[in-house]
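Subject: Structure handover

Hello,

Here is the structure I said I would pass on. Please open it first, then read the notes below.

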Amino acid sequence: MVAFDRAGYGESDPDPRRSLRSAAMDIQDLADALQLGPKFHLICSSLGCHAAWASFKYIPHRLAGAAMMAPVINYRWPGLPRGLARQLYRRQPVGDQWSLRVAYYAPWLLHWWMNQTWLPTSTVISGSGSFPNALDEKNRLMALSTGLFQKKARMATQQGVQDSFYRDMAVMFGRWPEFEPAELEEPPFPVHLFQGDEDGVVPVQLQRHICRRLGWISYHELAGVGHFLSAVPGLGDRIVTTLLPLPPPAAA
């Protein structure tokens, strides 16, 4: 298994022209450089799942299967039901609403906006917003009290917060001129999507709509689970075995 820092995160070089297409091309280039073979499986999580959608669009011939863990949603995708999307968008903290609004309408302003203490900014990035799920909230408070949250943020933003978080937000929550998930054709490999029904970041109602519209996604809704699926005991093994089922026993 290979994990890597996407462009601008950790020790990976920034890409000032980062886009949906470049996210997929980075995955393909890395697989080729590591000689992973003609096909490989892909697992993406949360905000990073725009790279999965992009891979379904641009490099479907390279994937043997894919799993998405609580993929973040762009509330302005045309394929979403407008009334429901607007209602759920307005349930977010005011700072998160404004951050997504700026990312969509004025991404060039995002860095300045997020650094103004007198303006409403993202509670997700600051770690200041509480979560409805008990495990998510427990882990948030623990990470803040032990300094783990700040340590991970420093590691992620070594290249600067503009080239990591803010460019990511501009791609994910900005305009999707090339395609949107609802327009994708069924790929030639299985796709699984895991979503907690107590997710405080991604509205489960919109996730259900996307998976119903794209009938080729195998949807796994997890009862009593929040957004941070990597913290759920045993779920990682379940995802891997879902992607790579055990072969049937040999005939006697």
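This is a predicted model: local features need pLDDT of at least 70, side-chain atom pairs count only at pLDDT 80 or more; totals for chains, interfaces and linings use all residues.

Asn 133

Is Asn 133 buried or exposed? With a relative accessible area of 4%, Asn 133 is buried. A polar atom of its side chain lies 3.0 Å from the backbone oxygen of Gly 224. Gly 224 is also one of the residues that Asn 133 touches, along with Glu 198, Val 225 and Gly 226, if residues up to four places away in sequence are not counted.

Arg 140 is found in helix 7. Arg 140 counts as buried, at 13% relative accessibility. Its side chain reaches the backbone oxygen of Gly 129 at 3.2 Å. Leaving aside neighbours within four places in sequence, the contacts of Arg 140 are Gly 127, Ser 128, Gly 129, Ser 130 and Phe 131.

A search of the whole structure finds 12 aromatic pairs. One of them is Trp 112 with Trp 118, which is edge-to-face, at 6.4 Å centre to centre and with 80 degrees between the planes. Trp 112 is partly exposed, with a relative accessible area of 41%, and Trp 118 is exposed, with 59%. The rings of Phe 131 and Phe 228 have centres 5.3 Å apart and planes at 80 degrees, so this pair is edge-to-face. Why does the pair of Phe 131 and Phe 228 tie together parts that are 97 residues apart in sequence? Phe 131 lies in the loop between helix 6 (123-126) and helix 7 (134-146), and Phe 228 lies in the loop between strand 4 (217-222) and helix 11 (235-243), so the pair joins those two parts. As for accessibility, Phe 131 counts as buried at 14%, while Phe 228 is partly exposed at 37%.

Other rings

Which residues do ring pairs link into a cluster? They are Trp 53, Phe 56, Phe 189 and Trp 216.

Two arginines also sit by rings. The charged end of Arg 76 is over the ring of Tyr 89, 5.2 Å from the ring centre. Arg 101 lies over the face of Trp 98, at 4.5 Å from the centre of that ring.

Cysteines

How many disulfides does the structure hold? The count is zero. A disulfide is a covalent bond between the sulfur atoms of two cysteines. For Cys 44, the closest cysteine sulfur is in Cys 49, 5.4 Å away, which is too far for a bond because the cut-off is 2.5 Å. Cys 44 is buried, with a relative accessible area of 8%. Cys 49 counts as buried too, at 1% relative accessibility.

Helix 9

Helix 9 covers residues 162-173, and its buried residues are Asp 163, Ser 164, Tyr 166, Asp 168, Met 169, Val 171, Met 172 and Phe 173. What covers them? The cover includes helix 1 (20-33), helix 2 (50-58), helix 4 (94-105), helix 5 (110-114), helix 6 and helix 8 (148-156).

Phe 4

Phe 4 is placed in the segment before helix 1. Phe 4 is partly exposed, with a relative accessible area of 37%. Its contacts, leaving aside neighbours within four places in sequence, are Ile 27 and Leu 30. Phe 4 and Ala 223 are 219 residues apart in sequence, and their C-alpha atoms are 30 Å apart in space.

The record

UniProt, in an unreviewed entry, lists residues 2-229 as "domain: AB hydrolase-1". In the model, that span is 42% helix and 11% strand. The C-alpha atoms at the ends of residues 2-229 lie 18 Å apart.

Regards

Definitions and conventions: Residues are numbered from 1 along each chain as its sequence is written. Side-chain values use heavy atoms; hydrogens and water are left out. UniProt positions are given in the numbering used here, feature names are shortened, and annotations may be inferred rather than shown by experiment. Helices (H or I, at least four residues) and strands (E, at least two) are DSSP runs, numbered from the N terminus. Rings of Phe, Tyr and Trp (its six-membered ring) pair if their centres lie within 6.5 Å; planes under 30 degrees apart count as stacked, over 60 as edge-to-face and the rest as tilted. Buried means under 20% relative accessible area, exposed over 50%, partly exposed in between (1.4 Å probe, protein chains only). A charge sits over a ring if NZ of Lys or CZ of Arg is within 6 Å of the ring centre and within 35 degrees of the ring normal. A polar contact is a pair of N or O atoms within 3.5 Å; within protein, one must be able to donate a hydrogen and the other to accept it, and residues adjacent in sequence count only if both atoms are side-chain atoms. Contact means heavy atoms within 4.5 Å.
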